Amino acid sequence: MHSRKVAAKSDGKSEVNSLDASSPKKRLVFVKSFRNPVTFVCGAFRLVVGVVYIVVVSLFVHVGVFFWPLTVILRWLKHSKPLAPYELVERLWCWGFLKVLGVEVIAEGTEHVVADPTIIMFSHASNLDSMLVYGASPVKPKFIFKKSLLYRMPLLFPLAALLGHVSIDRSKIDQAIQSLEKAARQIRDEHVSIAISPEGTRSRTGELMPFKKGPFHLAKSVGAPITPAVIFNNFNLWRPKQLLPHCGDVRIRFLPQIPVTPEDTVESLQAKVRCSMEEALQSNQPTVEESGERFLPGIVFLSIVLSSAYVIGRFLF
């Protein structure tokens, strides 16, 4: 069984601290092997449902032009959140996607997110993390995602960019700096919270990787408080390079906010955030009971899609 670990201290020394799954106080969900034909079929079913959900619901959002007149009115009224209708749709999209995959999200520490805007820095070890954070966060942050996703998932990420999420090309320093400056303007001018992984990418091992400096330059430039967040059991359910997702429970814990002062440096902020996240990952591990397969949400969704397709086909042809 794999569990979230701490891979490196802020001083650069490698130190692996395994969270012993055999301990009754630190036990996470048992991960079933896909060598079992039954669990393979279950995983394949979840993958199919997830792909259908992304295609159907994303297309619906794309053609949801009826929201745009409402956003124009909100802008004319100088509303502080003119994209609020789409933000609600985004949250419902994340909630629905997790539901059809059989993933239940348990949020802890939401009372710590007392400042908005804030920069949410979350541990990143799964394909589900951005949806987990957006669905569980008491604020509606904009995410910073790698630019290549615009071409790899053309149904999702161009729409995300249109709605204010920021793409970043980490291979080109100048463009990466421009993307961070765009995020900084959103925080200052629009009072929008930002969500970003300080690790820069998904962990391939479930360990907390060394932090990049970019997120802390962003925090330093705008002075917004940092909200660390750690996610438990996400790696077990859908780790990087794993084709078929598992179902189960995931806990996301928001930690006390870290204020950014003029005296702070990028290095000191890195150390503070890393210390906070390491401490949370090593202590007070949540106990999540093993869950069985969850088919009902996916079956209901597929039934609705197929029934709607049948009715539309009968009407047109």
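Mentor: Two packed helices are described by the angle between their axes and by the distance between those axes. Here, helix H8 (214-222) and helix H10 (residues 266-282) pack at an angle of about 110°, their axes lying 9 Å apart. Axes are lines fitted to C-alpha atoms, for helices over the stretch in contact, and angles run from 0 to 180 degrees between N-to-C directions. H8 is therefore roughly perpendicular to H10, a class that covers 65 to 115 degrees, whereas angles under 35 count as roughly parallel, over 145 as roughly antiparallel and the rest as oblique. This is a predicted model, in which local features need pLDDT of at least 70 and side-chain atom pairs count only at pLDDT 80 or more, while totals for chains, interfaces and linings use all residues. Residues are numbered from 1 along each chain as its sequence is written, and side-chain values use heavy atoms, with hydrogens and water left out.

Trainee: Which residues of H8 and H10 make the contact?

Mentor: H8 contributes Phe216, His217, Ala219 and Lys220, and H10 contributes Val266, Leu269, Gln270 and Val273. Contact means heavy atoms within 4.5 Å. Helices and strands are DSSP runs numbered from the N terminus (H or I, at least four residues, for helices; E, at least two, for strands).

Trainee: How does one read the burial of a helix, for instance H7?

Mentor: An α-helix has 3.6 residues a turn, so residues three or four places apart point the same way. In H7 (residues 173-190), the buried residues are Ala176, Ser179, Leu180, Ala183, Ala184, Gln186 and Ile187. They fall within an arc of 155° seen down the axis of H7, so they line one face of the helix; the arc is that of the directions from the helix axis to the C-beta atoms. Buried means under 20% relative accessible area, exposed over 50%, and partly exposed in between (1.4 Å probe, protein chains only). The face turned away from the buried side of H7 carries the exposed residues Asp174, Gln178 and Asp189.

Trainee: What covers the buried residues of H7?

Mentor: The cover includes strands S4 (119-122), S5 (142-146), S6 (166-168) and S7 (194-196), together with helix H8.

Trainee: Is Ala280 buried or exposed?

Mentor: Ala280 lies in H10 and counts as buried because its relative accessibility is 7%. Leaving aside neighbours within four places in sequence, Ala280 is in contact with Val230, Phe232, Arg253 and Leu255.

Notes:
The expected span of a helix is 1.5 Å times one less than its number of residues.
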